[in-house]
Amino acid sequence: MPRRPIAAANWKMHLLRAEVAAWGRAVLGGIPVPDPRVEVVVFPSFTLLPAAADAFAEGPVAFGAQDLHPEEKGAHTGDVSPLQLAELGCCWALCGHSERRRDHGESDELVGKKVAAALRHGMQPLLCVGETREERRAGETFAVLARQLAAGLASRPATFCLAYEPVWAIGTGETATPEIAGEAHAFLRTELERLGYPSGALRILYGGSVTPENAASLIAQPEIDGFLVGGASLDPGKFLAIIAACGFAAPTDEDPPK
Ligand code: PEP
(Lines give C-alpha, C1' and ligand atoms only; values in the text may rest on other atoms or scores of the structure.)
Protein backbone atom coordinates (compact mmCIF):
# COMPACT_ATOMS: atom_id res chain seq x y z
CA MET A 1 0.00 0.00 0.00
CA PRO A 2 1.41 3.41 -0.88
CA ARG A 3 1.79 5.70 2.09
CA ARG A 4 -0.57 8.67 2.00
CA PRO A 5 1.30 11.90 2.81
CA ILE A 6 0.29 14.03 5.77
CA ALA A 7 0.54 17.80 6.01
CA ALA A 8 0.16 18.77 9.67
CA ALA A 9 -0.03 22.29 11.05
CA ASN A 10 1.31 22.90 14.56
CA TRP A 11 -0.02 26.32 15.51
CA LYS A 12 1.86 26.27 18.83
CA MET A 13 0.64 29.17 21.06
CA HIS A 14 -0.68 31.29 18.18
CA LEU A 15 -4.03 32.52 16.83
CA LEU A 16 -7.32 33.58 18.39
CA ARG A 17 -10.82 32.21 17.77
CA ALA A 18 -11.76 34.51 14.90
CA GLU A 19 -8.50 33.71 13.13
CA VAL A 20 -9.28 29.98 13.27
CA ALA A 21 -12.45 30.48 11.26
CA ALA A 22 -10.66 32.62 8.68
CA TRP A 23 -7.78 30.13 8.41
CA GLY A 24 -10.28 27.30 8.02
CA ARG A 25 -12.16 29.06 5.23
CA ALA A 26 -8.95 29.83 3.36
CA VAL A 27 -7.47 26.35 3.64
CA LEU A 28 -10.71 24.44 3.05
CA GLY A 29 -11.28 26.59 0.00
CA GLY A 30 -7.90 25.58 -1.40
CA ILE A 31 -7.97 21.83 -0.81
CA PRO A 32 -9.34 19.65 -3.58
CA VAL A 33 -12.42 17.74 -2.40
CA PRO A 34 -13.88 15.16 -2.06
CA ASP A 35 -10.85 12.93 -2.48
CA PRO A 36 -7.76 14.78 -1.32
CA ARG A 37 -4.56 12.86 -1.85
CA VAL A 38 -3.02 14.39 1.23
CA GLU A 39 -4.21 13.96 4.80
CA VAL A 40 -4.39 17.36 6.50
CA VAL A 41 -4.27 17.76 10.27
CA VAL A 42 -4.25 20.86 12.46
CA PHE A 43 -2.96 21.09 16.03
CA PRO A 44 -4.42 24.22 17.73
CA SER A 45 -4.01 25.33 21.35
CA PHE A 46 -6.47 23.68 23.75
CA THR A 47 -8.67 26.77 23.97
CA LEU A 48 -9.07 26.85 20.19
CA LEU A 49 -10.24 23.26 19.86
CA PRO A 50 -13.98 24.12 19.92
CA ALA A 51 -13.36 26.71 17.20
CA ALA A 52 -11.45 24.10 15.22
CA ALA A 53 -14.35 21.67 15.68
CA ASP A 54 -16.65 24.29 14.14
CA ALA A 55 -14.27 25.29 11.36
CA PHE A 56 -13.50 21.71 10.28
CA ALA A 57 -16.86 20.07 10.94
CA GLU A 58 -17.28 19.59 7.19
CA GLY A 59 -14.42 18.69 4.91
CA PRO A 60 -11.14 16.88 4.87
CA VAL A 61 -9.22 18.59 7.69
CA ALA A 62 -8.83 16.71 10.98
CA PHE A 63 -7.62 18.29 14.19
CA GLY A 64 -5.83 17.20 17.29
CA ALA A 65 -4.26 18.31 20.55
CA GLN A 66 -0.74 19.59 21.01
CA ASP A 67 -0.43 17.62 24.24
CA LEU A 68 -2.43 15.50 26.68
CA HIS A 69 -2.13 14.15 30.20
CA PRO A 70 -1.66 10.39 30.32
CA GLU A 71 -4.38 9.94 32.95
CA GLU A 72 -8.12 10.30 32.44
CA LYS A 73 -8.79 12.46 35.50
CA GLY A 74 -7.25 13.56 38.75
CA ALA A 75 -5.46 16.32 40.61
CA HIS A 76 -3.41 17.72 37.73
CA THR A 77 -4.01 21.47 37.64
CA GLY A 78 -3.59 22.98 34.22
CA ASP A 79 -3.45 19.65 32.40
CA VAL A 80 -5.99 18.31 29.95
CA SER A 81 -7.28 14.76 29.97
CA PRO A 82 -7.47 12.55 26.91
CA LEU A 83 -11.17 12.04 27.70
CA GLN A 84 -11.74 15.80 27.46
CA LEU A 85 -9.86 15.99 24.16
CA ALA A 86 -11.67 13.05 22.62
CA GLU A 87 -14.97 14.61 23.66
CA LEU A 88 -14.10 17.73 21.64
CA GLY A 89 -13.53 15.65 18.54
CA CYS A 90 -9.73 15.41 18.54
CA CYS A 91 -8.62 12.59 16.27
CA TRP A 92 -4.88 13.18 16.77
CA ALA A 93 -2.50 14.02 19.61
CA LEU A 94 1.05 15.31 19.42
CA CYS A 95 3.23 13.42 21.88
CA GLY A 96 6.70 14.54 22.93
CA HIS A 97 7.09 17.69 20.84
CA SER A 98 10.58 19.02 21.62
CA GLU A 99 9.13 22.27 22.99
CA ARG A 100 7.27 20.26 25.63
CA ARG A 101 10.34 18.15 26.37
CA ARG A 102 12.31 21.42 26.77
CA ASP A 103 9.75 23.70 28.48
CA HIS A 104 8.07 21.10 30.69
CA GLY A 105 10.85 18.58 31.21
CA GLU A 106 8.87 15.77 29.61
CA SER A 107 10.81 12.54 29.90
CA ASP A 108 10.95 9.81 27.29
CA GLU A 109 8.96 7.62 29.67
CA LEU A 110 6.19 10.20 30.10
CA VAL A 111 5.98 10.63 26.34
CA GLY A 112 5.50 6.87 26.01
CA LYS A 113 2.59 7.05 28.47
CA LYS A 114 1.04 9.87 26.45
CA VAL A 115 1.25 7.79 23.27
CA ALA A 116 -0.58 4.95 25.03
CA ALA A 117 -3.21 7.32 26.47
CA ALA A 118 -3.91 8.92 23.10
CA LEU A 119 -4.51 5.58 21.50
CA ARG A 120 -6.66 4.33 24.37
CA HIS A 121 -9.00 7.23 23.69
CA GLY A 122 -9.16 6.85 19.94
CA MET A 123 -6.64 9.53 19.00
CA GLN A 124 -3.82 8.84 16.57
CA PRO A 125 -0.53 9.59 18.35
CA LEU A 126 2.02 11.63 16.40
CA LEU A 127 5.22 10.85 18.28
CA CYS A 128 7.93 13.50 17.85
CA VAL A 129 11.60 12.61 18.09
CA GLY A 130 14.72 14.57 17.29
CA GLU A 131 18.21 15.45 18.42
CA THR A 132 19.57 18.78 19.64
CA ARG A 133 22.41 20.56 17.90
CA GLU A 134 24.82 19.46 20.66
CA GLU A 135 23.75 15.85 20.32
CA ARG A 136 24.28 15.96 16.55
CA ARG A 137 27.70 17.56 16.96
CA ALA A 138 28.64 14.86 19.47
CA GLY A 139 27.66 12.13 17.00
CA GLU A 140 24.76 11.01 19.18
CA THR A 141 21.90 11.56 16.74
CA PHE A 142 21.07 7.92 16.11
CA ALA A 143 21.44 6.97 19.78
CA VAL A 144 19.01 9.74 20.76
CA LEU A 145 16.51 8.77 18.09
CA ALA A 146 16.69 5.09 19.07
CA ARG A 147 16.17 5.95 22.75
CA GLN A 148 13.24 8.31 22.15
CA LEU A 149 11.63 5.86 19.76
CA ALA A 150 11.91 2.83 22.04
CA ALA A 151 10.52 4.77 25.04
CA GLY A 152 7.79 6.42 22.99
CA LEU A 153 6.62 3.02 21.76
CA ALA A 154 7.06 1.22 25.09
CA SER A 155 3.34 0.42 25.20
CA ARG A 156 3.61 -1.28 21.78
CA PRO A 157 0.92 0.93 20.15
CA ALA A 158 -0.83 -0.77 17.27
CA THR A 159 -1.04 2.43 15.27
CA PHE A 160 0.86 5.72 15.34
CA CYS A 161 2.77 8.17 13.16
CA LEU A 162 6.22 9.60 13.74
CA ALA A 163 7.68 13.05 13.21
CA TYR A 164 11.43 13.46 12.89
CA GLU A 165 12.04 16.99 14.13
CA PRO A 166 15.68 17.92 14.65
CA VAL A 167 15.54 20.45 17.48
CA TRP A 168 18.14 22.67 15.80
CA ALA A 169 15.82 23.07 12.80
CA ILE A 170 12.62 23.99 14.67
CA GLY A 171 11.75 27.65 14.34
CA THR A 172 15.30 28.54 13.35
CA GLY A 173 14.97 28.83 9.58
CA GLU A 174 17.75 26.23 9.36
CA THR A 175 16.03 23.33 7.61
CA ALA A 176 17.69 19.91 7.53
CA THR A 177 18.96 19.14 4.06
CA PRO A 178 16.94 16.48 2.25
CA GLU A 179 19.92 14.15 2.69
CA ILE A 180 20.17 14.67 6.45
CA ALA A 181 16.42 14.27 6.88
CA GLY A 182 16.34 11.25 4.56
CA GLU A 183 19.16 9.58 6.49
CA ALA A 184 17.39 10.08 9.83
CA HIS A 185 14.11 8.78 8.42
CA ALA A 186 15.85 5.70 6.99
CA PHE A 187 17.43 5.09 10.41
CA LEU A 188 14.03 5.38 12.10
CA ARG A 189 12.59 2.83 9.69
CA THR A 190 15.39 0.41 10.51
CA GLU A 191 14.75 0.92 14.21
CA LEU A 192 11.02 0.38 13.73
CA GLU A 193 11.78 -2.94 12.05
CA ARG A 194 14.06 -3.86 14.93
CA LEU A 195 11.19 -3.13 17.32
CA GLY A 196 8.97 -5.44 15.30
CA TYR A 197 6.95 -2.91 13.31
CA PRO A 198 6.31 -3.18 9.56
CA SER A 199 8.17 0.04 8.88
CA GLY A 200 7.20 0.22 5.22
CA ALA A 201 3.61 0.90 6.21
CA LEU A 202 4.31 3.60 8.82
CA ARG A 203 4.32 7.27 8.04
CA ILE A 204 7.24 9.43 9.17
CA LEU A 205 6.91 13.20 8.82
CA TYR A 206 9.72 15.70 8.77
CA GLY A 207 9.47 18.90 10.83
CA GLY A 208 11.82 21.84 11.15
CA SER A 209 11.49 25.13 9.26
CA VAL A 210 9.52 23.63 6.38
CA THR A 211 8.42 26.29 3.88
CA PRO A 212 6.80 26.30 0.43
CA GLU A 213 10.32 26.79 -0.94
CA ASN A 214 11.93 23.70 0.57
CA ALA A 215 8.94 21.33 0.78
CA ALA A 216 9.31 19.85 -2.70
CA SER A 217 12.94 18.84 -2.30
CA LEU A 218 12.25 17.30 1.11
CA ILE A 219 9.16 15.33 0.06
CA ALA A 220 11.13 13.97 -2.91
CA GLN A 221 13.07 11.86 -0.39
CA PRO A 222 11.47 8.42 -0.53
CA GLU A 223 11.47 8.04 3.27
CA ILE A 224 9.67 11.35 3.97
CA ASP A 225 5.89 11.03 4.12
CA GLY A 226 4.89 14.62 4.78
CA PHE A 227 5.48 17.42 7.21
CA LEU A 228 4.77 18.80 10.66
CA VAL A 229 4.83 22.54 10.03
CA GLY A 230 5.06 25.25 12.66
CA GLY A 231 5.66 28.84 11.61
CA ALA A 232 4.72 28.49 7.94
CA SER A 233 1.42 26.81 8.81
CA LEU A 234 0.03 30.02 10.31
CA ASP A 235 -0.21 31.49 6.82
CA PRO A 236 -2.97 29.63 4.92
CA GLY A 237 -1.32 30.41 1.57
CA LYS A 238 2.00 28.95 2.65
CA PHE A 239 0.35 25.92 4.23
CA LEU A 240 -1.68 25.30 1.07
CA ALA A 241 1.54 25.42 -0.95
CA ILE A 242 3.08 22.83 1.38
CA ILE A 243 -0.03 20.63 1.05
CA ALA A 244 0.30 20.95 -2.72
CA ALA A 245 3.97 19.89 -2.56
CA CYS A 246 2.87 16.77 -0.66
CA GLY A 247 0.14 16.17 -3.24
CA PHE A 248 2.53 16.31 -6.16
CA ALA A 249 4.60 13.65 -4.45
CA ALA A 250 1.57 11.61 -3.38
CA PRO A 251 1.58 8.12 -4.82
CA THR A 252 -1.46 6.82 -6.62
CA ASP A 253 -2.77 3.29 -6.17
CA GLU A 254 -0.94 2.30 -9.34
CA ASP A 255 2.44 3.44 -8.02
CA PRO A 256 4.72 0.96 -6.31
CA PRO A 257 5.00 1.52 -2.55
CA LYS A 258 7.54 4.15 -1.53
C1 PEP B 1 7.09 22.45 14.86
O2 PEP B 1 6.53 23.23 15.61
O3 PEP B 1 6.91 21.25 15.00
C4 PEP B 1 7.96 22.98 13.82
C5 PEP B 1 8.54 22.14 13.01
O6 PEP B 1 8.08 24.35 13.75
P7 PEP B 1 8.72 25.20 12.53
O8 PEP B 1 8.10 24.68 11.26
O9 PEP B 1 8.37 26.61 12.83
O10 PEP B 1 10.20 24.94 12.54
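In the counts by class below, Ala, Val, Leu, Ile, Met, Phe, Trp, Tyr, Cys and Pro are taken as nonpolar, Asp, Glu, Lys and Arg as charged, and the others, Gly among them, as polar. On that basis, the lining of the largest pocket in this predicted model has seven charged and seven polar residues, together with four nonpolar ones. The shell around the ligand, sorted by class, has eight polar, four nonpolar and two charged residues.

**Ligand surroundings**

- The ligand is surrounded by 14 residues, of which Lys12, Glu165, Gly171, Ser209 and Gly230 are the closest.
- In the side chain of Lys12, an N or O atom is 2.8 Å from an oxygen atom of the ligand, and a polar side-chain atom of His97 likewise lies 2.8 Å from a ligand oxygen atom.
- Gly171 takes part through its backbone, where a polar atom is 2.7 Å from an oxygen atom of the ligand.
- On its own the ligand has 290 Å² of accessible area, and the protein covers 96% of that area.

**Largest pocket**

- The space in the largest pocket amounts to about 420 Å³.
- This pocket is lined by 18 residues, and those closest to its centre are Lys12, Met13, Gln66, Arg100 and His104.
- Helix α4, which spans residues 98-103, supplies four residues to the lining, the largest share.

How values were computed
Residues are numbered from 1 along each chain as its sequence is written. This is a predicted model: local features need pLDDT of at least 70, side-chain atom pairs count only at pLDDT 80 or more; totals for chains, interfaces and linings use all residues. Side-chain values use heavy atoms; hydrogens and water are left out. A residue is near a molecule or strand if one of its heavy atoms lies within 4 Å of it. A polar contact is a pair of N or O atoms within 3.5 Å; within protein, one must be able to donate a hydrogen and the other to accept it, and residues adjacent in sequence count only if both atoms are side-chain atoms. Accessible areas come from the Shrake-Rupley method with a 1.4 Å probe; for residues, only the protein chains shown count as cover. On a 1 Å grid over the protein atoms alone, a cavity is a set of points where a 1.4 Å probe fits but cannot get out, and a pocket is an open set with protein on both sides within 12 Å along at least five of seven lines; lining residues have an atom within 4 Å of a point. Grid points are joined across faces, edges and corners, and a volume is the space filled by probe spheres set on the points. Helices (H or I, at least four residues) and strands (E, at least two) are DSSP runs, numbered from the N terminus.
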